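Hi,

Here is the structure I said I'd pass on.

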Amino acid sequence: MSNDQYSSDTLTDFTPETTEPRRVVVLISGNGSNLQALIDAQSHGELGGEIVAVISNQPNAYGLKRARDAGIDAVVLPHREYESREAFDGALIKVIERHEPDLIVLAGFMRILSPIFVQRFYGRLLNIHPSLLPAYQGLDTHARVLADGAKEHGASVHFVTEELDGGPVVIQAALEITEDDSVETLKNKVHSREHLIYPIAVKWFLEGRLRLGAEGATFDGVPLPPQGMRMSHADAAEELDEDIGEES
Ligand code: GAR
């Protein structure tokens, strides 16, 4: 086939026939700043889909207000009203399925998920975690990183599997720890990086570029390395207009 037959203009003008936006359900427990980053990306046409519902297990989560302010269905499902983890997760599955999502995004959803939940949505579940996984799984990551005198920290987006904070990593953003850093400064720096990488990962998934296969996470069909894609400290700092302490 010659180039004349398929000019680049023709390819640029090609529009896929699917018109239904891809559907996203976001699960939260608190502030919802990552949810806000996803809402902002959607409003700039940069999410690759639509957030159709936000579900919180905490009735007073501020993220619920963020959802309502954006005109998104905000659902409260208090876990305390259920007898067991399995009963709560069963109810959660039902609410999620009512919204027919292509992707379920955990954005500060502070619940351990039962195997039945993970299996139901396997390959369609993303989580964000405040560390450079596999380092510092679990809670209180900023304090533990500081206590260890670590040199770097960051955030990771990963597919959810039955291993807590252990599923294949999709993308990470790193930050270099300075002598002045405290739990509070690290928390802020990690959050800003989370807000950069989560919308990117969601978009990749909704565009069909990111998948979870038998061999782990793939991007455009190619297996990702164990740390996923990596945004360096310098690239993230530049993107965020952070002072990286270089002399001018
Ligand atoms: C985020 O830092 C996220 O990484 C963390 O909770 C915070 C939620 O913030 N998640 C976990 O620790 C899960 N293990 P947000 O409510 O402002 O998005």
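Let me start with Asn34, which is buried at 6% relative accessibility (buried means under 20% relative accessible area, exposed over 50%, partly exposed in between, with a 1.4 Å probe and protein chains only). Before I go on, some ground rules: this is a predicted model, so local features need pLDDT of at least 70 and side-chain atom pairs count only at pLDDT 80 or more, while totals for chains, interfaces and linings use all residues. Residues are numbered from 1 along each chain as its sequence is written, and side-chain values use heavy atoms, with hydrogens and water left out.

**Asn34 and its neighbours**

Asn34 belongs to helix α2 (helices are DSSP runs of H or I with at least four residues, strands are E runs of at least two, and both are numbered from the N terminus). Leaving out residues up to four places away in sequence, Asn34 touches Ala107, Ile128, His191, Glu194, His195 and Tyr198, where contact means heavy atoms within 4.5 Å.

**The rest of helix α2**

Which residues of α2 are buried? They are Ser33, Asn34, Leu35, Ala37, Leu38, Ile39 and Ala41. These buried residues pack against β1, β2, α3 (62-69), β4, β5 and α7 (183-206). The helix itself (residues 33-43) lies across β1 (23-28), β2 (50-56), β4 and β5, and runs at about 165° to β2; axes are lines fitted to C-alpha atoms, for helices over the stretch in contact, and angles run from 0 to 180 degrees between N-to-C directions.

Gln42 also sits in α2, but this residue is partly exposed, at 27% relative accessible area. Gln42 touches Leu47, Gly49, Glu50 and Ile51, not counting residues up to four places away in sequence. Gln42 and Lys203 are 161 residues apart in sequence, yet their C-alpha atoms are 9.6 Å apart in space. Just after the helix, Gly45 has a positive phi of about 70°.

**The sheets**

Eight strands make an open, mixed sheet in the order β3-β2-β1-β4-β5-β6-β7-β11 (two strands pair if DSSP finds at least two bridges between them). The edges are β3 (73-76) and β11 (229-231); each has a single partner strand, so one side of each has no neighbour in the sheet. From one strand to the next the twist averages 20°. Inside this sheet, β4 (103-106) and β5 (125-129) run parallel and are joined by three bridges, with Leu106 opposite Asn127 in β5.

An open sheet of three strands is ordered β8-β9-β10, with antiparallel pairing. Its edge strands are β8 (210-213) and β10 (222-223), each pairing on one side only. Two bridges join β9 (216-219) to β10, and Phe219 has Val222 as its bridge partner in β10.

**A few other spots**

His79 lies in the loop between β3 and α4 (85-98) and is buried at 17% relative accessibility. Beyond its neighbours within four places in sequence, His79 contacts Asn57, Gln58, Phe88 and Arg111.

The whole structure has four aromatic pairs (rings of Phe, Tyr and Trp, the last by its six-membered ring, pair if their centres lie within 6.5 Å; planes under 30 degrees apart count as stacked, over 60 as edge-to-face and the rest as tilted). Phe117 and Phe121 have ring centres 5.1 Å apart and planes at 65°, so they form an edge-to-face pair. Phe117 is buried at 0% relative accessibility, and Phe121 is buried with a relative accessible area of 0%.

Finally, UniProt (unreviewed entry) lists residues 23-201 as "domain: Formyl transferase N-terminal". That span is 36% helix and 23% strand, and its end C-alpha atoms lie 15 Å apart.

Cheers

Definitions and conventions
UniProt positions renumbered as here; feature names shortened; annotations may be inferred.
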